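Morning, everyone. Please bring up the sequence and the structure before I start.

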There are 2 protein chains.
Amino acid sequence: MKHDRPKLRDVARLAGVSTATVSRALSNPDMVSEDTRAAVHAAIEATGYRMNLAARNLRHQRTGGIVALVPNLANPFFSQILSGIASVLGPAGYNLLVADTTGAGPDLLLDYAEPSRADGLIVLDGNFPMVALEPGRVPVVQACEWVPGLPAARVKIDNRAAAGVAVGHLLDLGHRRIGHVTGPANNVLTEARIGGVRDRLAEAGLPFPDEAVYQGDFSLDSGRQAAGQWLTQPRDSRPTAVFLASDAMACGFIGEVQRHGLSVPGDVSVVGFDDIELIAHIAPPLTTIHQPRAEIGRLAAERLLAQLRGESQADGDTILPVELLIRASTAPLAI
Amino acid sequence: MKHDRPKLRDVARLAGVSTATVSRALSNPDMVSEDTRAAVHAAIEATGYRMNLAARNLRHQRTGGIVALVPNLANPFFSQILSGIASVLGPAGYNLLVADTTGAGPDLLLDYAEPSRADGLIVLDGNFPMVALEPGRVPVVQACEWVPGLPAARVKIDNRAAAGVAVGHLLDLGHRRIGHVTGPANNVLTEARIGGVRDRLAEAGLPFPDEAVYQGDFSLDSGRQAAGQWLTQPRDSRPTAVFLASDAMACGFIGEVQRHGLSVPGDVSVVGFDDIELIAHIAPPLTTIHQPRAEIGRLAAERLLAQLRGESQADGDTILPVELLIRASTAPLAI
DNA sequence: CTGAAAGCGCTTACAG
DNA sequence: CTGAAAGCGCTTACAG
């Protein structure tokens, strides 16, 4: 005996009405008389009918899904963002699809921007080639990172200003030789943050020599390597404080410095970026820039839904405020 | 001028063949002659045709998606697992949908087990009511957690044995009064881990009094509260070592103990569970049980795909090995 | 308020 | 090797 799932037709037959009527009873109840509605619902109960969403979606020319393009799913940085996205998509009746862009070709964005694949796109990766999103493609919102020139809404923080705040904190503590560990090359966040450092130092009339810039890639290990470089520099000319473009790097930096018997903040003050999970619990607790990750996710999803409803303009930036969290990894310059 | 996307029919018209032929040229190239194939591909180029996946999926009675049901997306514990899942689903041509089960009703599992919604389910949450997955529902694989009695494949570690290993390590260090901070009540992991503690202590002929059991819920804050309790207990009878059912709790526990001027492992040895990101970098670096999270995700996805291909049995457990990582938060009992 | 029929964009037995 | 036609399971103008 086959376990065929009941279809609209089966319900209609049992209720003694047409499939059109059953369909209406379900999606537009007040288009049908009360009696008919009751009969239909009885038949649904009796058959155990559940709607085939794929068929409805095909008919409606939508998929019911939004995809989030994530640079690296394994990076816990994104869990709060995804959680924020899911918290608005779920109640709105959309499915959240996630795709990891690691090692993906440049076509990935276009593949996912197919209306038959998803109704909209949230792009968390700024390293896509600048593609012209042709008409007939799906609405896109960029979150955190962005593709320069891509005409799509952005939800983000002011990375340049945030870096300025971090450096300002170190200046306030009396530091005059300030170093910076960057993110990966060719990354918009990297550019914005180093720009903020440069601006703030220039404003203070301080130099920003090449020796004070350490190339990183956001990873813990690259922070460790930056510390290795810093350790080899002459004690009386190397930075007395370092601002790193991610908390993970700050974590690696601190570990390496300590491994060599030096102290944070005794020998060097350290500021991170992101305020990731548990970073308040390392030793010393890390001073960092807090990014409202869940909020970024929520707003990105909301802007996308607004576009799908035709309510919102397709571009323009939403800038969220950051917060400097002063913890124990920074201290006044020892004289 | 409308920007209608070209359909199969448009390609067929341009190539001078039927839609059936275009369809075959695409999905079964060697069913068509070389000339026809060339004509079809030329027409595809000319029109910029891209297949409508939703229509193909409806026809094929599949959705092309697998959903992962996650207890709490914001918890970075799951990022590695999702990454593992995505790494096998992507290449296999499936979309990964994620849903957060926080605050969801008991029907969620059944809702997602609809064949029109997804082709399969990976359940990471053991707190669903035991439902009979009726025939006509989609294949399910459980990962990490599991619903007792649910007849679905499981990919997990041996939590009971792992807890035994953690306790064994503390016994080896000479500890005789060993405490345990549990996970949330009514959770399969909580039961399995406390069971492992009880077994191992019994095996060593040691007591496991109620005062040595602290109720937690996996969260950092509950670890902090457990430390609060521990601190109020008499110094000469309270545990000299504590095994906590999650790293987050261990982190909170250590922080609170240190805040009261005591030292880890000087005054109390601490073992965590999970080996989450950065936990090797707190002070002191945490001794913990490493769970192969990415591997769990990969294998769960692979078992599900095998079931979809009809290759694998629908139940049976896959047990992955864990590893005790000894770091600085545990030390021999001071006499 | 309700039904017959066309259609969303594909695929696939069935003939030829 | 190729085409005409039916069908995946819904929805929705169009009539009545």
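I'll go through the domains, the DNA surfaces, the chain contacts and the cores.

This is a predicted model: local features need pLDDT of at least 70, side-chain atom pairs count only at pLDDT 80 or more, and totals for chains, interfaces and linings use all residues. Residues are numbered from 1 along each chain as its sequence is written, while chains are lettered from A and ligands numbered from 1 in the order in which they are written.

Domains come first. Chain A is split into domain 1 (8–51), domain 2 (61–156 + 293–319) and domain 3 (159–292). Those bounds come from an automatic or database domain assignment. Taken over C-alpha atoms, the centres of domain 1 and domain 3 of chain A are 64 Å apart.

Near means that the C-beta atom of a residue, placed from the backbone, lies within 6 Å of the strand. DNA strand D has 26 residues around it, and the closest are Leu8(A), Ala20(A), Ser23(A), Asn52(A) and Ala20(B). Helix H2 (19–27) and helix H4 (53–60), from chain A and from chain B, each give two or more residues to that surface. Helices (H or I, at least four residues) and strands (E, at least two) are DSSP runs, numbered from the N terminus. H2(A) has the largest share, 6 residues.

Turn to DNA strand C. It is surrounded by 26 residues; Ala20(A), Leu8(B), Ala20(B), Ser23(B) and Asn52(B) are the closest. Here H2(B) gives the most, with 6 residues.

Next, chain against chain. 40 residues of chain A contact 40 residues of chain B. Contact means C-beta atoms, placed from the backbone, within 7 Å. On the chain A side, H4, helix H5 (77–89), strand E2 (95–100) and helix H10 (247–259) each give two or more residues. E2(A) pairs with E2(B) in the antiparallel sense, over 3 bridges. Pairing takes at least two DSSP bridges. Leu96(A) has Val98(B) as its bridge partner.

Last, the cores. A nonpolar core joins buried Ala, Val, Leu, Ile, Met, Phe, Trp, Tyr and Cys residues through C-beta atoms within 7 Å. Buried means 20 or more other C-beta atoms within 10 Å of the residue's own, all placed from the backbone. The largest core has 179 residues, and Val98(A), Ile122(A) and Ile122(B) have the most contacts inside it. Among the residues that Val98(A) touches are Leu82(A), Ala86(B), Leu96(B) and Val98(B). Another core, of 12 residues, lies apart, and includes Leu8(A) and Val11(A).

Conventions:
Contact = placed C-beta atoms within 7 Å. Lists of a residue's contacts leave out its neighbours within four places in sequence.
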